[in-house]
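Good morning, and thank you for joining.

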Amino acid sequence: MAKKFYVVWEGREKGVFTDWDACKRQIDKFAGARYKSYKTREEAEAAFRAGKQAVVSKTKPTNRKFSGKGLKTYSAEDVAGLAVQTKIFTDGGCEPNPGKAASGVAVYRDGKVSELWYGLFNPRGTNNTAELNALHQALLMAEKEIARKATVAIFCDSQYSIQCVTKWATGWEKKGWTKPGGEIKNLELIKEIYALYLKVRKSVQVLHVNGHVGLEGNELADRMSIHGIETGETSFSRFEIPADLKNVLAMRAG
């Protein structure tokens, strides 16, 4: 039988896997899993980088706007129509997965790009740790926005990160930070983010958007995460915004 390579866009870990068993561990019983097999590594890696929204499941896809268990996915129109003063977009990148990882954030105030951030480079990270780190930074920023009486929403394309912090952590904490069937990956990071989330959750919305669908804030956060990988920036650094955002969007995508 010819060898296949498996891409996981949404699962416990995202990336390219070289055997079915490894792929299955990421998607089995994972709500909203997205994955596909390819004949060559080159095809698989290209598809993962492109963020192709392939859906493979036992049930037929529907047009529902909910992914996972009650997790709504916000469209570009939804995001634009949300009446909050500060909108923070997050993304994490990893090449390969696991491998070189970094995070990116784009901050909009009153509908205009105000800040871009990149960094937290880890030479041995994962896509999930990069996504969690980005969400952590966004919550820290949200805390400051709330202090100045601004309304805030965070937009993240990682279902895993959102659900870890806003849903699953509650149950894990009640059970002494354990879960049936295995370890909680990235536990210390999740604990730290969850503690911060508890402080601000009444004043900030953490919402899911799809990645690589042309939503400007998400695309900018994506470019920042890849810039973090390329520069190897270990701190979380502010990026100087050029007069023309097209120059940022033309940077390499994740």
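Let me begin with a definition: rings of Phe, Tyr and Trp, the last by its six-membered ring, pair if their centres lie within 6.5 Å, and planes under 30 degrees apart count as stacked, over 60 as edge-to-face and the rest as tilted. By that criterion, the whole structure contains eight aromatic pairs. What we have here is a predicted model, in which local features need pLDDT of at least 70 and side-chain atom pairs count only at pLDDT 80 or more, while totals for chains, interfaces and linings use all residues. Residues are numbered from 1 along each chain as its sequence is written, and side-chain values use heavy atoms, with hydrogens and water left out.

I turn to the aromatic pairs. A pair of aromatic rings is described by the distance of the centres and the angle of the planes. For Y6 and W20, the centres are 5.6 Å apart and the planes stand at 55 degrees, so this pair is tilted. Y6 belongs to strand 1 (residues 5-10) and W20 to helix 1 (residues 20-27), so the pair ties together parts that are 14 residues apart in sequence. Helices here (H or I, at least four residues) and strands (E, at least two) are DSSP runs, numbered from the N terminus.

Are these two residues buried or exposed, or in between? For that, buried means under 20% relative accessible area, exposed over 50%, and partly exposed in between, with a 1.4 Å probe and protein chains only. Y6 is buried, at a relative accessible area of 14%, whereas W20 is partly exposed, at 35%. Together with Y35, Y6 and W20 form one aromatic cluster.

F89 and F155 form a stacked pair, with 5.0 Å from centre to centre and 20 degrees between the planes. F89 lies in strand 6 (residues 86-95) and F155 in strand 9 (residues 152-156), so this pair ties together parts that are 66 residues apart in sequence. F89 is buried, with a relative accessible area of 4%, and F155 is buried as well, with 1%.

Strand 6 also holds I88. At 0% relative accessibility, I88 counts as buried.

Next, the helix packing. Axes are lines fitted to C-alpha atoms, for helices over the stretch in contact, and angles run from 0 to 180 degrees between N-to-C directions. Angles under 35 degrees count as roughly parallel, over 145 as roughly antiparallel, 65 to 115 as roughly perpendicular and the rest as oblique.

At what angle do the axes of helix 4 and helix 5 cross? Helix 4 (residues 127-147) and helix 5 (residues 159-174) have axes that come within 9 Å and cross at roughly 60 degrees. That makes helix 4 oblique to helix 5. On the helix 4 side, N128, E131, L132 and L135 take part, and they meet Y160, S161, I162 and V165 of helix 5. The residues of this contact divide into five nonpolar, two polar and one charged. Here Ala, Val, Leu, Ile, Met, Phe, Trp, Tyr, Cys and Pro count as nonpolar, Asp, Glu, Lys and Arg as charged, and the others, Gly among them, as polar.

Helix 5 also meets helix 6 (residues 187-200): their axes come within 10 Å and cross at roughly 90 degrees. Helix 5 is therefore roughly perpendicular to helix 6. Among the residues making this contact are C164, A169 and W172 of helix 5, and I190, I193, Y194 and Y197 of helix 6. By class, the contact comprises nine nonpolar, two polar and one charged residues.

Helix 4 and helix 6, in turn, pack at an angle of about 25 degrees, with axes 10 Å apart. The two are therefore roughly parallel to each other. The residues in contact include L132, H136 and L139 of helix 4, and I193, L196 and Y197 of helix 6. This contact has ten nonpolar, three polar and three charged residues.

T126 counts as buried, at 15% relative accessibility. Not counting residues up to four places away in sequence, T126 touches E13, C94, N97, P98 and A101.

Methods:
Contact means heavy atoms within 4.5 Å.
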